[in-house]
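Open the model in your viewer and keep the selection tool at hand. We will go stop by stop.

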Amino acid sequence: MSNPSNLTQETLLFWYRQMCLIRAFENHAIGSFREGLFTGTTHPCICQEAICVGCAAALEPTDQVFATYRGHGHALAKGLDIKGLMAELLCKQDGCCKGRGGSMHLCDVEKDFWGTNAILAAHIPIAAGMALANKKRKNGRVTVAFLGEGATSEGAFLETLHMAALWEIPLVIVCENNGYAISVPAHIGKSVEDVAQHAAGFGMTGSIVDGNDPILVNAAMKVAVDQARSGGGPTLLECKTVRWERHSAISAGKYADDAEALKWKKADPIPRFEKRLVEEFGIKAKQLRQLESETQQEADEALEFAKASPTPTPEMVADYLYA
Amino acid sequence: MAEAINEALRHEMRRNPDITLLGQDIGPYGGTFGVYKGLYDEFGVDRVTDGPVAEAATTGIGIGLAMAGMPTVVEIEFIDFITLASDAIVNQAAKMRFCFGGQVNVPLVIRTPIVNRLGLGAQHSQSLEAWFMHIPGLRVVVPSNGADAKGLMLTALRDGNPVLYIEHVRLYASKGEVPEADEPIPFGKLRIAREGKHVTLATYSGMVRPCLDAAEELAKEGIECEVLDMRTLSPLDRDGLVNSVCKTGRLIVAHEAMKTAGAGAEIAQSAQEGAFDYLEAPILRVAADDQPAPTGVLQDLVFPTKEKVIAAIRQVLL
């Protein structure tokens with residue numbers, strides 16, 4: 001493993017803090033769903049925090065991000081206000097989408113977070129369109145779209161790889177390969193072992209990285225983002241990771257096998273990053289505990305804020321439908 | 001009508017340098033039916049961009065451009081192919097603004113023609129507009145003549161919402177006066193194509209002409225039909241419809257889409273809700289038969305005609 005010398009302790013600690021914040025948020029998301037504070041469901045990105053943080057750190061604030069229903073972590077990493085996010089999960093008026101979107105439809109245009117999408121791969125061409133707008137405007141901005149490996153079997157994804165390569169669109173598609181499309185493991189659902197292999201067929205760059213280490217993710221993402229920004233065209237970056245114990249917080253999608261369900265704990269990027277920070281970067285464990293407890297408090301406060309936020313009133317039911 | 005649409009696109013592209021056209025065969029070729037003639041030469045490849053055959057991604061890319069503030073026109077060459085882009089239209093374009101609490105606008109126009117009675121068979125002969133009336137968040141526009149086509153296209157390009165703009169292959173060559181001036185036509189306002197007092201014919205797109213011809217023919221017998229060109233199906237001008245039905249007491253809805261769950265069902269029900277006490281006869285629908293369009297001479301049997309409209313008028317006047 002490389003220790004990129006340009007990473008300061010401050011940066012590493014910020015990343016660690018962000019990962020802890022995402023974890024604390026997700027635990028509250030699951031907890032409040034189970035408590036009945038909101039209906040529907042929620043798809044935690046537990047065990048995938050290194051991807052959120054490593055990728056976001058490779059972007060400029062004006063780069064645009066699109067993500068999926070498993071997108072709370074990407075929203076936080078892009079700088080969305082945690083209170084507004086939690087209020088959105090609870091479908092409250094102070095939510096980032098005024099409580100109309102909920103867990104699967106998060107957006108904050110001010111932060112250039114252009115939304116999470118609940119239809120698999122549907123946002124990939126949309127992200128390509130925004131990236132194409134960047135190219136037309138020559139504004140130097142890069143667009144990033146995250147998706148799971150299940151969505152890489154969709155036509156919209158494959159069509160977009162083709163068009164993004166054809167038009168050299170400044171787009172980075174990040175596949176979070178957690179090995180499962182709801183219940184179907186990738187070895188049953190995918191014709192290729194590595195999703196990144198799809199890129200070659202369309203004449204675009206494909207790369208693979210260990211998705212459970214933010215330093216490695218960040219380095220790989222930087223290469224992809226630099227290529228897109230400098231006019232070198234799109235990249236499909238595959239981050240290998242492990243999924244939390246089920247597809248979503250409702251019981252459907254639970255792994256049949258308990259050992260499989262707990263696999264994420266062995267791969268957990270947070271303790272793994274802690275170990276690197278202590279052993280390779282000389283950071284004190286106590287300092288990490290301090291950050292962790294701060295983020296817990298931040299998430300607690302966000303939950304309290306969300307609970308106290310008003311519910312949209314009946315006369316607002318059809319707001320925002322038309323421009 | 002093709003020239004009128006072309007004129008509207010050209011006019012608006014000169015006014016708004018952000019407008020982009022995407023699709024297949026829209027570049028130097030000028031579009032399958034010539035609607036884009038000359039636009040590539042005037043605006044160049046960056047704004048009139050030929051793409052691969054990929055309706056789903058092309059429409060999605062159009063949405064992304066639109067969200068970025070570049071109003072985009074996506075071409076779907078035949079309305080039958082819109083099935084390939086349906087997720088982008090139904091789940092994405094139409095939902096985005098609502099789901100995101102008003103943060104995002106999608107100024108996207110999807111241009112697509114109905115192409116029927118050309119002997120192209122079941123996969124190239126449908127009128128699928130009713131599906132999209134069922135999706136709030138979308139506008140559905142169905143012009144029948146050049147003047148309306150131009151005015152409605154100007155509105156579509158400025159509306160800020162996703163618009164499904166449905167043309168008709170048989171109307172492309174139709175002639176008529178088209179205003180030179182910048183005169184957008186608001187959505188949700190029907191046009192009274194002919195005034196009358198005995199029966200209302202509510203129609204749109206390719207059936208406006210047969211309805212006018214039927215009205216002309218019956219006028220010789222003293223039967224005066226009021227012909228309403230609905231122009232937009234979403235929003236639907238329910239008030240204008242009800243006003244006419246209250247006056248005539250009789251309604252026939254005519255369209256080339258199949259009868260079952262077609263736009264006519266919604267139009268008829270709207271009239272029933274608003275003008276029940278005024279109705280003198282059951283509302284009838286003149287529509288395509290509920291079956292795929294055959295090729296060859298059989299195709300003429302399934303589509304509505306002037307004669308079928310006349311027969312329906314006689315029936316409600318019995």
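This is a predicted model: local features need pLDDT of at least 70, side-chain atom pairs count only at pLDDT 80 or more; totals for chains, interfaces and linings use all residues.

Residues are numbered from 1 along each chain as its sequence is written, while chains are lettered from A and ligands numbered from 1 in the order in which they are written.

**Stop 1: chain A against chain B.** Select both chains. The contact takes 32 residues from chain A and 32 residues from chain B; two residues are in contact if their C-beta atoms, placed from the backbone, lie within 7 Å. On the chain A side, E2, H5 and helix H6 (155-166) each give two or more residues. Helices (H or I, at least four residues) and strands (E, at least two) are DSSP runs, numbered from the N terminus. H5(A) provides the largest share, 9 residues. Colour the chain A side by type: 20 residues are nonpolar, 7 polar and 5 charged. Here Ala, Val, Leu, Ile, Met, Phe, Trp, Tyr, Cys and Pro count as nonpolar, Asp, Glu, Lys and Arg as charged, and the others, Gly among them, as polar.

**Stop 2: the domains of chain B.** Select 2-171 for domain 1 and 191-317 for domain 2 of chain B. These bounds come from an automatic or database domain assignment. The domain centres, taken over C-alpha atoms, are 27 Å apart. Between them, 24 residues of domain 1 of chain B are in contact with 24 residues of domain 2 of chain B.

**Stop 3: helix H8 of chain B.** Select 208-219 of chain B, which is helix H8. Its buried residues include Val208(B), Leu212(B) and Leu218(B). Buried means 20 or more other C-beta atoms within 10 Å of a residue's own, exposed 12 or fewer, and partly exposed in between, with C-beta atoms placed from the backbone. Among the elements covering the buried residues of H8(B) are strand E7 (191-194) and helix H12 (306-317) of chain B.

Stop 4: Most residues other than glycine have a negative phi, and most peptide bonds are trans. Select Ala121(A): its phi is positive, about 70 degrees. Ala121(A) is buried, with 27 other C-beta atoms within 10 Å. Next, Asp25(B) also has a positive phi, near 70 degrees, but it counts as partly exposed, with 16 C-beta neighbours inside 10 Å. Finish at Ser234(B) and Pro235(B), where the peptide bond is cis.

Note on methods:
The expected span of a helix is 1.5 Å times one less than its number of residues.
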